[in-house]
Protein chains: 2
Amino acid sequence: MKKKIVSYFEDVVPGMSVEFGRYRMSEEEIMTFARAYDPQPFHTGRESARNSVVGELIASGWHTCAVAMRMIVDHFNPAESILASPGVDEIRWLVPVRPGDELSVRLTILDARESQSKPDRGIFRIRTEVFNQNREIVLTFTSVNIMRKRPVPA
Amino acid sequence: MKKKIVSYFEDVVPGMSVEFGRYRMSEEEIMTFARAYDPQPFHTGRESARNSVVGELIASGWHTCAVAMRMIVDHFNPAESILASPGVDEIRWLVPVRPGDELSVRLTILDARESQSKPDRGIFRIRTEVFNQNREIVLTFTSVNIMRKRPVPA
């Protein structure tokens with residue numbers, strides 16, 4: 001199992017900011033995702049996009065969210081301690097993502113607190129920013145996350 | 001092009017509520033999505049899920065969002081008038097989505113107003129609720145949407 005930036009809730013410190021990832025958005029992947037999940041003409045192909053209200057091929061916003069998640073799982077989320085997230089707030093698609101764009105992620109820990117009801121875990125919020133290769137912020141969102149505390153040696 | 005529930009901004013009425021869709025979440029699709037975009041052990045396979053912090057295979061929350069979008073595009077979003085969304089708020093994954101679940105969508109129009117800066121379009125917010133086959137609400141979110149007004153005959 002690949003070593004991640006944090007291992008347990010105790011490693012999550014408010015104010016901490018980390019950057020990672022490099023994900024190239026190919027035209028083929030943009031179209032494949034869109035045909036499955038967001039088949040609007042400006043996502044599904046160059047030709048249909050050109051004739052659409054948008055005028056060019058751009059990635060589905062949900063696709064960009066999914067790619068951000070992939071980078072977060074690869075680099076940040078520890079498999080042994082992260083639990084399913086209850087939710088995400090304030091998704092903003094700020095700049096279109098186009099074929100050939102290379103995306104990366106910056107996470108900033110907004111706050112962290114121990115769970116009141118379940119003493120083996122903590123709750124924290126992350127601000128996620130996704131950049132393209134020109135350092136434009138293309139996507140931001142804030143997630144609520146739950147992570148186990150470091151096990152106490154028996 | 002398939003006829004949708006609405007065609008132009010004038011058809012979008014606050015308080016309007018519509019239900020549609022039927023999407024079966026297969027185990028194979030859950031694993032395929034997760035391996036591409038959310039490779040956490042409780043999403044990628046039955047065996048890894050059983051040994052994970054969650055204990056069973058559940059769909060990635062981003063996958064459920066993508067499937068909701070697919071149903072919204074199929075039934076609601078008119079290709080000739082919908083524009084890219086600026087954002088989504090308050091995503092809440094309330095109940096795990098499991099292999100074999102059948103999902104459907106209810107949309108409720110929260111509000112609608114004409115654009116101040118661009119008189120050819122309007123802006124409205126939608127509350128999306130995703131149900132499983134037991135009528136449990138598995139996912140909710142609120143989206144901001146932009147749609148063109150009906151063209152004025154020349």
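## Exercises on a predicted two-chain model

**Exercise 1.** In which sense do strand 4 and strand 5 of chain B pair, and over how many bridges?

*Solution.* Strand 4 (residues 121-131) of chain B runs antiparallel to strand 5 (residues 137-148) of chain B, and the pairing extends over 11 bridges. To place one bridge in this predicted model, take B:F124, whose bridge partner in strand 5 of chain B is B:N145.

**Exercise 2.** Determine the strand order of the sheet to which these strands belong, and identify the edge strands.

*Solution.* Begin with the order, which reads 1(A)-3(A)-4(A)-5(A)-2(A)-2(B)-5(B)-4(B)-3(B)-1(B) and describes an open sheet of 10 strands with antiparallel pairing. Next come the edges, which are strand 1 (17-24) of chain A and strand 1 (17-24) of chain B, since each of them pairs on one side only. From one strand to the next, the twist averages 25 degrees. Finally, consider the step in that order at which chain A gives way to chain B: strand 2 (residues 82-93) of chain A and strand 2 of chain B pair in the antiparallel sense over 4 bridges, and in strand 2 of chain B the residue B:G87 is the bridge partner of A:R92.

**Exercise 3.** Which strands does helix 4 of each chain lie across?

*Solution.* For chain A, helix 4 (residues 61-75) lies across strand 1, strand 2, strand 3 (102-114), strand 4 (121-131) and strand 5 (137-148) of chain A, together with strand 2 of chain B, and runs at about 120 degrees to strand 1 of chain A. For chain B, helix 4 lies across strand 1, strand 2, strand 3 (102-114), strand 4 and strand 5 of chain B, together with strand 2 of chain A, and runs at about 120 degrees to strand 1 of chain B.

**Exercise 4.** Describe the side of chain B that touches chain A.

*Solution.* Counting contacts as C-beta atoms within 7 Å, one finds 30 residues of chain B in contact with 30 residues of chain A. The elements that give two or more residues to this side of chain B are helix 4 (61-75) and strand 2 (82-93) of chain B, and strand 2 of chain B gives the most, with 11 residues. Sorted by class, this side of chain B has 19 nonpolar, 5 polar and 6 charged residues.

Conventions. Residues numbered from 1 in each chain as written. Chains lettered and ligands numbered in written order. Predicted model: local features only at pLDDT ≥ 70, side-chain atom pairs only at ≥ 80, totals over all residues. Contact = placed C-beta atoms within 7 Å. Nonpolar A, V, L, I, M, F, W, Y, C, P; charged D, E, K, R; others polar. Pairing = 2+ DSSP bridges. Axes fitted to C-alpha atoms, helices over the stretch in contact; angles between N-to-C directions.
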